[in-house]
Amino acid sequence: MEFFENLTTEGPPLPPRFADLKKEICVDPDAIVHSWRSVVKELEGATKEIEERGAEVILQVPYSDIQRGLSEEQLRTLKKTGVLIVKGGVPQEEALAWKQSIKDYIAANRDKVTGSPPDNIVFYELYNTKAQILARTHPALIATQKYLLSLWHTSNPDSPISVRTPISYFDRLRIRPPGPSVFTLGPHIDGGSIERWEDPAFRSCFSRILEGGEAWREHDPFDISPRLDANQDLYNAPNQCSIFRPWQGWTALSNTGAGEGTLRVLPMLPLATAYLIPRPFFRLRSDLAAGVTNPSDIPLDADAWVLDLDNPAFPGSTPGKTQAVTPETHPHLRIEKTVVSIPRVQPGDQVYWHTDVIHAVERDHNGVEDSSVLYIPAVPLTERNAAYLRDQRATFLQGLPSPDFPSGEGESRFVGRARLEDISHPDGRRILGFEPFGYKSYMNEGERQAIAAANEILGFRV
């Protein structure tokens, strides 16, 4: 429970050097002001649309659409919102069997199972159940991840990455019973907070936004090249995902709808980012701030805000935490109206959201059955990710927690944990790092380098 409480809680004020950072970044104040006013104006219509349509703006597609490729209209929606639900790739009966096998595994190892909160576990520190391995290596999940990763591109063809080659990242699972929340996880963005501005490589991902003027409209959230060198963890945050994860995701093990402990998202990708990045450079005018007693009182008109490069504050950004987004820190996003619960999902449905998407978890679960998911993101093959895969491969064989997660004996003494022989097909073994990677021809030199490096790291001579 402490982990979730610490994700977004505000820390002490930032030191003066962060005011210097603002001045370093804001090389053309007039252009930044122009950009701010343009984005704030654009948000008026965008937030109103989400308020009126709600979860209807979120793209839901049958798995067959993934197999044939999304239409141009579907792609426009996905790239605008950054959120996707894929229905039907995994039969409901198969997903429900996974959940039952997890419950049986928990019962067989009751005295050794850990998780949060410890007295009534919802988030299980389990990584090596047979169900998780079967899900991670399921052909429908692998195919969906291949497709979603292929939507990213490299602006530099020498970038060492294969965007069509997914690898597995072992994460935990959730079985949340009905009832009040045992934790609070408000709107946030994973993958660091202040690092978006402080780390030069991470900052370069948003270079068009920081140019000012109308350049924010050219921001490309699917350009993977500048993200490869980004440091998302300058402050050694606990439980930080250390790999590059373009798509966060989970696979449903239950029938779960709004109000039943599900995911909430702000279905707005490039525009929300175009607001978030320049937001620290502006403050509410002093004569207006005095009259604000509630977030709803904050004026949203661009004329109510002024450029301020002398204040070291970066709203919602605390070293060692994720990026928090609240009605106070980012009022123009109107998150009390625009962060919406995703549509109802069935067992076997896959849910993915872009790494820059603002998301949260419902505070309460008012349903009648558990709200259960396996956390399975879409992760591409890079040299750094391959090094993590090598280490994760070793922890899997030993039944230990994955490298990013709390250490200890994990499931090493559990009865019935997954083994390598449970993976029946080469693609499944490959995504876990037990088969070499390769193609007859390569998309570019960067992909060839990435695959060669990965095979060497994993000990394969190809």
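Strands S1 and S2 (residues 83-87) pair in the parallel sense over four bridges. Strands here are DSSP runs of E of at least two residues, helices are runs of H or I of at least four, and both are numbered from the N terminus; two strands pair if DSSP finds at least two bridges between them.

Before I go on, a word on the source. This is a predicted model, in which local features need pLDDT of at least 70 and side-chain atom pairs count only at pLDDT 80 or more, while totals for chains, interfaces and linings use all residues. Residues are numbered from 1 along each chain as its sequence is written, and side-chain values use heavy atoms, with hydrogens and water left out.

Let us return to the sheet. On to strand S14 (residues 350-354): S2 and S14 run antiparallel and are joined by four bridges. One of the partners there is tryptophan 353, which bridges to valine 83. S2 is largely enclosed by the rest of the structure, because four of its five residues are buried, that is, under 20% relative accessible area with a 1.4 Å probe and protein chains only, where over 50% would be exposed and values in between partly exposed.

In what order do the eight strands of the open sheet lie? The order is S1-S2-S14-S8-S16-S6-S4-S3, with mixed pairing. Strand S1 (59-62) and strand S3 (115-116) are the edge strands, each pairing on one side only. Helix H5 (residues 72-81) packs on this sheet and touches S1, S2 and S8; its direction makes about 135 degrees with that of S1. Helix H6 also packs on the sheet, touching strand S4 (123-124), strand S6 (173-176), S8 and strand S16 (371-375), and its direction makes about 85 degrees with that of S6. Contact means heavy atoms within 4.5 Å; the axes are lines fitted to C-alpha atoms, for helices over the stretch in contact, and angles run from 0 to 180 degrees between N-to-C directions.

I turn now to the aromatic rings. Rings of Phe, Tyr and Trp (its six-membered ring) pair if their centres lie within 6.5 Å; planes under 30 degrees apart count as stacked, over 60 as edge-to-face and the rest as tilted. By this rule there are 16 aromatic pairs. One of them, tyrosine 105 with phenylalanine 414, is tilted, at 5.6 Å centre to centre and 45 degrees between the planes. This pair links distant parts of the chain, 309 residues apart: tyrosine 105 lies in helix H6 (residues 92-108), and phenylalanine 414 in the loop between helix H15 (383-398) and helix H16 (426-431). Tyrosine 105 is buried, at a relative accessible area of 6%, and phenylalanine 414 is buried, also at 6%.

Finally, the nonpolar core. Such a core is a set of buried Ala, Val, Leu, Ile, Met, Phe, Trp, Tyr and Cys residues joined through side-chain atoms within 4.5 Å. Which residues touch the most other members of the largest core? Among its 109 residues, they are Trp247, Trp250, Met268, Leu333 and Ile342. Helix H3 (residues 29-53) gives the largest share of this core, seven residues. Leaving aside neighbours within four places in sequence, methionine 268 is in contact with Leu43, Ala46, Thr47, Ile50, Lys80, Thr81 and Leu333. A second, separate core has 24 residues, including Tyr169, Val379, Phe437 and Leu458.
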